[in-house]
Amino acid sequence: MASAFVWNFFKPPKSGNLPKLIEYWFYVGNHGVKSHPDYLATHLHKNIQPNPKWVYVNFGIFKTDGFIMTGPNKNPVMKQAMEEASKLKPDAEFMMGGFAEAAVTTGESPYPYERPNTHRYLISHFAVPDDIPAGDFEANWKDLTGVDVLEKAVTPEMGYVFSSLYRRVTPHGPYRYVVRSEFSNLHDKEEVGFGLVEKLRDFFGTDALASKKIEADAALSKVVIEMQLD
């Protein structure tokens, strides 16, 4: 059973060369992350929005919080893997953080699980001020993250599966919360998916979030590589 998660948001590299960025991801995964006893899986999402702020988003799944609480600098194997990987792609930049699953619209955690590679995901991230208590935010999470807006906009043919809320539990990372909303039938309806993103972005620009100084954005993505425990 999974109880800890990692979100990494990769910036577009200054030199381009996205294949090298994927090579960087593979190297860290194979030589660092997969060696940890808590490791279950990682999903590399490609941002398919035009002009993306993040080109890839990595989602790591772990049995316990041992990996995320140790951090790469205190894990010799992970530290060495990242140092070696940086030689492959010196300009690789990403934001990271360790998270716990705070809520799921279905009421049950889905991990670990298998799903077709045709699924698409709306990934939203939230910079939430520290003076907003976690309990207050999470009690109203569907309202504050736009999931209520999303669920009113979806139609059966889109294949909406569920949305999950993740709370950052490590001190590092720019985003206090991340939401991943899964769809089974947007693979041939990307324009529809982009429309859902715009509905979320419209909501993120309203006073509902601005009055609380919450900053947010969303993007449509697909899993391009999945790395499982051997």
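Figure 1. Helices (DSSP runs of H or I, at least four residues) and strands (E, at least two) are numbered from the N terminus. Met 78, Ala 81, Met 82 and Ala 85 of α3 are buried. These four residues lie on the same side of α3 because they cover an arc of only 95 degrees around the axis, the arc being that of the directions from the helix axis to the C-beta atoms. An α-helix has 3.6 residues a turn, so residues three or four places apart point the same way. Pro 76 and Lys 87 are exposed on the face turned away from the buried side of α3. Buried denotes under 20% relative accessible area, exposed over 50%, and partly exposed the range in between (1.4 Å probe, protein chains only). The cover over the buried residues of α3 includes α1 (18-31), α2 (66-70) and β4 (94-104).

The model is predicted: local features need pLDDT of at least 70, side-chain atom pairs count only at pLDDT 80 or more, and totals for chains, interfaces and linings use all residues. Residues are numbered from 1 along each chain as its sequence is written, and side-chain values use heavy atoms, with hydrogens and water left out.

**Figure 2. The largest cavity and its lining**. The structure holds three cavities of 30 Å³ or more, and the largest has a volume of about 310 Å³. A cavity is a set of points, on a 1 Å grid over the protein atoms alone, where a 1.4 Å probe fits but cannot get out; lining residues have an atom within 4 Å of a point. Grid points are joined across faces, edges and corners, and a volume is the space filled by probe spheres set on the points. Of the 23 residues lining the largest cavity, Val 6, Asn 8, Val 28, Val 33 and Met 78 lie nearest its centre. At least two lining residues are supplied by each of β1 (4-10), α1, β3, α2, α3 and β4.

**Figure 3. The largest nonpolar core**. A nonpolar core is a set of buried Ala, Val, Leu, Ile, Met, Phe, Trp, Tyr and Cys residues joined through side-chain atoms within 4.5 Å. Among the 28 residues of this core, Leu 122, Phe 137, Phe 183 and Leu 196 touch the most other members. Two or more residues come from each of β5 (120-127), α5 (141-144), α6 (147-153), β7 (177-183), α7 (190-204) and β8 (215-228). Helix α7 gives the largest share, six residues. Apart from this core lies another, of 21 residues, among them Ala 4, Leu 44, Phe 67 and Ile 225.

Figure 4. Ala 4 is buried, at 0% relative accessibility. Its C-alpha atom is separated by 5.4 Å from that of Thr 64, 60 residues apart along the chain. Not counting residues up to four places away in sequence, the contacts of Ala 4 (heavy atoms within 4.5 Å) are Gly 60, Ile 61, Phe 62, Thr 64, Asp 65, Ile 68 and Phe 99.

**Figure 5. Asn 51 and Lys 213, two loop residues with positive phi**. Most residues other than glycine have a negative phi. Asn 51, in the loop between β2 (39-47) and β3 (56-62), has a positive phi of about 50 degrees. Lys 213, in the loop between α8 (207-210) and β8, has a phi near 60 degrees. Asn 51 is exposed, with a relative accessible area of 77%, and Lys 213 is exposed at 67%.

Methods. 1 Å grid on protein atoms, 1.4 Å probe; cavity = no way out; pocket = protein on both sides within 12 Å on 5 of 7 lines; lining within 4 Å.
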